[in-house]
Amino acid sequence: MPVAVITAHGQPSAPDAPEAALADLAREVAAFMPGWDVRSATLSTPGRLELVAEDGALIYPFFMSQGWFTTKVLPQRLGDTAAQITAPFGLDPALAPLAADAMRAETETRSWPLDQVDILLAAHGSARGRHAAAAAFKFAKALSLALPGPRINCGFVEQSPSIAAAAALLPTQSLCLPFFAQAGDHVRDDVPTSLAEANFPGSTLPVLGALPGVAQLIANALQRVDPSSHDPV
């Protein structure tokens, strides 16, 4: 039976809730993958990834970019386990159309014309490398193609432009879309604090990882992986 392991960062200060949420997601993904054993592990739970990973497994990074955690931490944690790491969630080409559908439904509910809407993509960014910001900008471009009309700006927790700077002077018909897989401290604390600093008058949506259809997207991504295209770690 093929094995897939969905892995995320989790929350080091309180690992239980993110671990449970990821397990719920794994069960949702498994419903679209009969014949597969779909497991989950956050990196914040000591030993969890090492326990559930095995030779030949596909490791699906529930991360937004191909950054330090996916290229350094995951291989180190897997050690001698001959598993295969897939492309991360945030770089899936199907994510922008999925988000576009959700944004379109949200604006229709509010009776907002698309060409009068501003979208603030609130992302993590990184002071240590370019991959996190590059993933956000790439997604913003893909979203603009999938959802013509709205003006899309990016703001970051850890680099410029900050979320507060990007949110400044945005109109009431604005939506903040958190470019995160899970709703951790950054989403619960940093993003709202930055928006309050900017007197952001719009509304904040759930993280991208909580969008309807994410489980199907992950299942599709796992099922289309060519094993020969990913070297074992």
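1. A word on conventions. Residues are numbered from 1 along each chain as its sequence is written, and side-chain values use heavy atoms, with hydrogens and water left out. As this is a predicted model, local features need pLDDT of at least 70 and side-chain atom pairs count only at pLDDT 80 or more, while totals for chains, interfaces and linings use all residues.

2. The largest pocket holds about 1,200 Å³ of space. A pocket here is an open set of points on a 1 Å grid over the protein atoms alone, where a 1.4 Å probe fits, with protein on both sides within 12 Å along at least five of seven lines. Grid points are joined across faces, edges and corners, and the volume is the space filled by probe spheres set on the points. Its lining (residues with an atom within 4 Å of a point) has 48 residues, and H9, F63, H124, F180 and A181 lie nearest the centre.

3. Which helices supply that lining? At least two residues each come from α1 (16-30), α3 (68-78), α5 (131-146), α7 (185-197) and α8 (214-223), and α1 gives the most, with seven. Helices (H or I, at least four residues) and strands (E, at least two) are DSSP runs, numbered from the N terminus. By type, the lining of the largest pocket has 25 nonpolar, 16 polar and seven charged residues. Nonpolar covers Ala, Val, Leu, Ile, Met, Phe, Trp, Tyr, Cys and Pro, charged covers Asp, Glu, Lys and Arg, and the others, Gly among them, are polar.

4. The second largest pocket has about 160 Å³ of space. It is lined by 10 residues, with T86, A87, A221, R224 and V225 closest to its centre. Six of the lining residues are nonpolar, two polar and two charged.

5. Now for helix packing. α4 (residues 95-110) packs on α5 at an angle of about 55°, with the axes 8 Å apart; axes are lines fitted to C-alpha atoms over the stretch in contact, and angles run from 0 to 180 degrees between N-to-C directions. α4 is therefore oblique to α5, given that angles under 35 degrees count as roughly parallel, over 145 as roughly antiparallel, 65 to 115 as roughly perpendicular and the rest as oblique. Residues in contact (heavy atoms within 4.5 Å) are L95, A96, P97, A99, A100 and R104 of α4 with F139, A142, L143 and A146 of α5. Nine of these are nonpolar, none polar and one charged.

6. α1 and α8 have axes that come within 8 Å and cross at roughly 65°, which means that α1 is roughly perpendicular to α8. The contact brings together L25, E28 and V29 of α1 and V214, A215, I218, A219 and L222 of α8. Seven are nonpolar, none polar and one charged.

7. G56 sits in the loop between α2 (48-52) and β3 (58-61). Its C-alpha is 8.3 Å from that of T81, 25 residues away in sequence. Leaving aside residues up to four places away in sequence, G56 touches A82 and A83.

8. Two backbone details are worth a look. S160 and P161 are joined by a cis peptide bond, with omega about -5°, and P161 lies in the loop between β6 (151-156) and α6 (163-167). L169, in the loop between α6 and β7 (174-178), has a positive phi near 70°. Most residues other than glycine have a negative phi, and most peptide bonds are trans.
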